[in-house]
Amino acid sequence: MNKIQIETAINGEVVEFLCEPQQSLLEVLRETLGRTGTKEGCATGDCGACSVLMDGRLVCACLVLAAETGGHAITTIEGIATDAGLHPIQQKFLEHAALQCGICTPGLIVATKALLEKHPEPDETTIRYWLAGNLCRCTGYDKIIRAVQDAARELAHPA
Amino acid sequence: MSEAIDYKVIGTSPIRPDGVDKVTGRAQYGADLNLPNQIYGKVLRSPHAHARILGIDTSRARAMPGVFAVITGADFPESERGAIGGEGGGDVSDLAKNIMARDKVLYHGHAVAAVAASSQSVAEAALAAIEVRYEVLPPVLDLLSAMQPDAPLLDPNCFTKNLPEKPERPSNIAAVMKLGRGNVDEGFAQADVIVEGEYRIPMAHQGYIEPHACVASANEQGQTTVWCCTQGHFEFRAMTAKVLRMNIADLKFIASEIGGGFGGKTVVYLEPLAVLLSRKARRPVKMMMTREEVFRATGPTSGAICRIRLGARRDGTFTAASAWLAYEAGAYAGAPMGPGAMTVFAPYVLEHFQVEAFDVLVNKPKVAAYRAPGAPQSMYAMECAIDELSIRLGIDPIDLRLKNAAEAGTQAPYGPKFPPIGLKACLEAARVHPNYTRPVPAGAGRGVAVGFWFNVGMQSSAEVHINENGTVTLVEGSPDIGGSRASMCMMAAETLGVPYEQIRALIGDTESTGFSNVTGGSRTTFATGMAVVRACEDIIAQCKARAAATWGVDADQVLWEDGRAIPAPGVNAELKPLSLAEIAGNAARTGGPLLGRASLNAQGAGAGFSVNFADLAVDRETGKVDVLAFTAIQDAGKAIHRAYVEGQIQGGAAQGLGWALNEEYIYDEQGVMQNAGFLDYRIPVASDLPMIDTQIIEVPNPSHPFGVRGVGETPIVAPLAAAANAVARATGVRIHDLPLAPPRVLAALEAAGG
């Protein structure tokens with residue numbers, strides 16, 4: 001099969017890869033590039049486990065063709081923490097016990113980052129609708145919502 | 001242990017030791033491992049729900065470039081018979097046929113062949129090149145039809161088990177079970193009011209977000225390593241060895257992190273296929289299910305029909321109850337009818353009762369465990385019947401349950417007398433809870449229900465290593481599905497008297513630690529926790545001996561306090577206490593490394609009871625149901641990590657609400673599931689739910705060093721009836737069948753005159 005050569009930026013790093021035309025960004029991230037922090041829950045855009053940012057916009061990596069990513073900037077869960085340590089969203093997910101099995105967590109953290117960049121002080125309803133595309137089967141969402149509220153407070157009003 | 005004990009660590013909510021890796025994407029789940037030289041395996045699945053396999057031609061697929069191996073049922077050895085064990089139930093030879101069909105396919109999606117190829121796309125092309133000839137047979141999809149004597153048979157050798165005599169003719173009823181006490185005719189004759197009804201609960205899926213995945217690597221001698229997401233790698237090893245007739249010592253299973261299971265990852269699907277493919281291809285083989293495969297071809301939980309009859313005196317005292325329970329097994333025997341029968345009346349004092357339950361084969365996937373398997377179905381029916389009684393008698397639903405509630409000494413319907421249990425404490429807490437005493441919102445209804453699960457003990461092993469600086473490495477064999485590493489570290493910290501942060505827990509593979517049963521049955525914090533405490537006590541005994549040797553006193557003259565060996569009162573007061581770090585640092589001179597261990601088959605799992613109440617509103621124009629408030633009160637015995645106990649309760653509530661309001665397997669007449677994806681099989685999303693308020697009751701379990709009862713499964717039981725009872729009270733219309741999805745609710749409202 002003829003492969004396509006793509007150059008993109010993942011978490012600020014220039015990355016080159018070869019992909020088949022039908023391969024999704026998710027498959028290439030996980031199976032070709034070894035960035036397995038982005039999870040597959042459905043591969044049909046229904047669960048949000050593969051949430052990444054493409055040029056700052058929240059997308060499901062399973063719905064983006066890898067061949068489309070040339071010249072774009074991708075942010076994955078591996079790019080959320082910084083040299084200074086965990087991002088406040090990550091820290092609040094830990095403090096609030098907002099993960100049980102943890103498989104939905106990378107997607108939820110990326111989606112929360114996108115939410116808080118657009119709505120720095122969201123109310124509960126905004127959080128619940130913004131995160132409605134990220135399925136979690138373990139928590140009933142209660143502690144996730146509280147973690148997001150707390151992260152929003154901290155980011156808007158740093159201690 | 002009484003609650004007066006002042007714990008330092010138990011009952012707090014520290015950050016889990018595996019947390020950072022899980023919020024940064026480092027943690028490795030089932031599909032996250034890639035090995036050098038790895039190829040990909042994929043499964044060809046039946047397009048028919050019921051058919052005879054006439055022939056499989058794999059020659060074209062084998063000849064394709066990039067295809068390394070192709071297997072069918074003919075590549076499997078004749079498997080032995082015998083119980084699988086664990087929570088799932090069923091027979092080894094059925095398990096073998098379920099993971100790869102032999103002469104018949106029994107559900108749409110049943111595996112018929114598998115390939116291993118250089119890439120996923122080549123593997124898919126190879127599947128398309130396999131030709132299977134079928135003789136299509138009529139599918140059996142409906143429980144009651146399947147039970148008819150003239151129904152088409154899934155298995156012509158299925159003769160109903162547990163009857164006084166072997167029946168003359170085979171049927172789809174794999175087994176029956178009867179349970180009873182007293183004389184129900186006499187009991188119903190004493191009743192002033194009798195309610196009865198038939199309730200239908202649909203087949204539903206656990207809906208874990210991580211699809212099944214594994215990597216297998218076999219060498220030329222047959223020694224094989226398998227990495228997979230599993231609730232129990234030791235049991236996966238045993239199942240794989242039985243299905244493939246391998247020596248268990250040739251199989252090493254490594255549990256990855258696991259992205260949810262809820263009972264659904266207690267049986268193998270892919271692992272034996274990957275082992276066979278890897279053996280043939282002589283390369284590591286990675287297999288990952290798609291979400292569609294997870295729905296069609298793993299083990300959901302049984303749909304069921306439950307008929308309940310309940311009699312009571314005018315004052316609310318139950319006089320008799322009977323239940324008729326039919327559970328879908330799917331393609332092979334093993335529906336959770338037993339636990340369904342044993343739980344249905346468990347919360348109540350009943351002098352006269354009888355239960356009849358059926359395990360029924362239908363052309364749907366073989367069911368697997370799902371959180372309190374069998375209980376949500378039967379207890380849904382009973383808790384709805386109690387609500388009807390409450391309305392008929394004009395008695396508050398909590399008061400009515402309190403009047404009949406089981407307590408310590410009550411003989412459980414399944415045999416033993418209850419030790420101390422928390423049902424009454426939960427009901428009393430509910431009655432005065434601010435969410436219960438406040439008015440019901442206008443247009444809504446408030447539903448109440450009780451939940452119950454036995455909880456289990458079973459086998460666990462643990463080792464505790466004291467590092468040379470006094471920090472602690474804890475090795476256990478229970479995959480951590482929801483924060484159990486944290487609970488284990490907390491129990492070790494409390495026992496040893498060292499800070500939580502100095503302890504790390506790891507899940508050993510099948511060659512690195514002792515046997516442990518699955519993470520299931522709500523057993524891990526109870527049973528593996530008990531093993532951890534015992535292993536820590538072993539360490540303390542060794543430390544006291546080392547201190548005694550150092551001090552030149554007898555071991556019984558040494559006490560262990562706050563992580564230090566101290567001389568007992570009256571012994572030489574000049575002796576300076578020795579900390580764990582000091583003893584560990586000196587270990588080479590006092591007998592070598594400190595290793596504590598324990599293995600046990602835990603007895604005395606305390607039964608778990610809950611009370612849920614919920615305010616639900618119904619849109620009369622669309623039939624849509626909204627959950628306005630949900631409160632779950634549950635006896636945890638003793639909550640080790642409070643936040644993770646709350647999380648279990650909240651997660652179970654969400655799953656129960658999903659089953660009550662939306663989730664169901666929808667089949668067409670040919671037996672093809674019509675909603676095999678998260679878009680159409682709609683599990684609750686964040687915007688569907690309110691905050692879920694929890695209250696933890698602690699009636700200690702006398703069989704556990706800290707009083708722990710299992711908490712994982714009970715939470716899914718009560719939400720079904722709590723939701724249905726709320727809808728009935730909101731609308732005045734009792735809908736017996738789940739889910740309460742808008743079309744059903746609207747039709748019921750219209751039938752009742754709008």
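The dialogue below takes up a sheet, a chain contact and a domain contact in a predicted model.

Tutor: Because this is a predicted model, local features need pLDDT of at least 70 and side-chain atom pairs count only at pLDDT 80 or more, while totals for chains, interfaces and linings use all residues. Residues are numbered from 1 along each chain as its sequence is written, and chains are lettered from A and ligands numbered from 1 in the order in which they are written.

Student: Why are S24 and S25 of chain B said to pair?

Tutor: Strands are DSSP runs of E with at least two residues, helices are runs of H or I with at least four, and both are numbered from the N terminus. Two strands pair if DSSP finds at least two bridges between them; S24 (608–618) and S25 (625–635) of chain B have 9 bridges, in the antiparallel sense, and therefore pair. One of the bridges joins Val618(B) to Val625(B) in S25(B).

Student: What makes S16 and S26 of chain B edge strands?

Tutor: The open sheet has 4 strands in the order S16-S24-S25-S26 (chain B), with mixed pairing, and S16 (444–453) and S26 (692–697) each pair on one side only. Neighbouring strands of this sheet are turned by 15° against each other on average, direction ignored, the axes being lines fitted to C-alpha atoms, for helices over the stretch in contact, and angles running from 0 to 180 degrees between N-to-C directions.

Student: Where does H19 of chain B lie?

Tutor: Helix H19 (642–661) lies across S24, S25 and S26 of chain B and runs at about 125° to S26(B).

Student: How do you know that chain B touches chain A, and which element gives the most?

Tutor: Two residues are in contact if their C-beta atoms, placed from the backbone, lie within 7 Å; 45 residues of chain B meet this towards 47 residues of chain A, so the chains touch. H19(B) gives the most to that side of chain B, with 7 residues. By class, this side has 22 nonpolar, 17 polar and 6 charged residues, where Ala, Val, Leu, Ile, Met, Phe, Trp, Tyr, Cys and Pro count as nonpolar, Asp, Glu, Lys and Arg as charged, and the others, Gly among them, as polar.

Student: What makes domain 1 and domain 2 of chain B domains, and how many of their residues are in contact?

Tutor: The bounds, 39–137 + 210–259 + 265–297 for domain 1 and 304–455 + 606–751 for domain 2, come from an automatic or database domain assignment. Their centres, taken over C-alpha atoms, are separated by 36 Å, and 20 residues of domain 1 are in contact with 21 residues of domain 2. H9(B) supplies the largest share of the domain 1 side, 5 residues.
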